[in-house]
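Here is a short report on one structure. Look at the sequence and the model, then read on.

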Amino acid sequence: MDLMQLFVVLDWKRRGSADGFSSVNFVLPVFMMGCWFKHGYLTNDNVNMLINGINLCFFAFYISAFAFYQPKRKYLYGQLTALFLSFYVLFNYVNNKPEESQADSMGSVAAAAQIASLGGGVYDLKRAIVDLKTTEYIPSSIQFGLFAISIQWSIFALLVGNYYMLTANLAGLAVNVATLATFVAYPPKTWKVPIFGVGGEAKKDE
């Protein structure tokens, strides 16, 4: 999924601006990944730390690119401030727990953070359906990538018995499926959605 975000950055470059796109879908995943990284640290899960550590580096780049192409950065700065304050409060909360219960507490927090990060997807759905009547600003490559990754992580969580992770990924899958359906109901105006083949009507009219 993280490499698929590169297509979004290239789209900003082509447009010359990230105006119209939301920074929420870049900031909230950092919140989720930071929490899972902390959980991996507490459980000595090197795979968890490696995957989330790499993803955090990717998203640091994407947020920097968003800031570069976005002329209105006020909301981004506010979201980043809230992000770091949330990390400070939550990590201190977990660190003050008895050592034997820290991993379970962080697992609960990480699962809750992953579910909370779905707020970005719900916001995009609301904006597409209610405000804009189009999915023009929802990158389809990310949604198709999320669909595959959510299924993979759900199966992995089920196999290893991590029900915190399973619950969070099933919730994410539900939002993802709803978003994919929205591409059909409210297709983008200037580009065509791969696989579904819908959208791009405004471009045809030109």
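Ser 23 touches Phe 66, Leu 76 and Gln 79, leaving aside residues up to four places away in sequence. Contact means heavy atoms within 4.5 Å. Ser 23 is buried, with a relative accessible area of 5% (buried is under 20%, with a 1.4 Å probe and protein chains only). Ser 23 sits in the loop between helix H1 (5-15) and helix H2 (24-42). Helices are DSSP runs of H or I, at least four residues, numbered from the N terminus; strands are E runs of at least two.

This is a predicted model: local features need pLDDT of at least 70, side-chain atom pairs count only at pLDDT 80 or more, and totals for chains, interfaces and linings use all residues. Residues are numbered from 1 along each chain, and side-chain values use heavy atoms, without hydrogens and water.

An unreviewed UniProt entry lists "transmembrane region" for residues including 47-69 and 76-94. Such annotations may be inferred rather than shown by experiment.

Now the second largest pocket. H1 supplies the largest share of its lining, five residues. H1 and helix H7 (140-160) each give at least two residues to that lining. By class, the lining of the second largest pocket has seven nonpolar, three polar and five charged residues. Asp, Glu, Lys and Arg count as charged; Ala, Val, Leu, Ile, Met, Phe, Trp, Tyr, Cys and Pro as nonpolar; the others, Gly among them, as polar.

Notes. Buried < 20%, exposed > 50% of the residue type's maximum accessible area, 1.4 Å probe, protein only.
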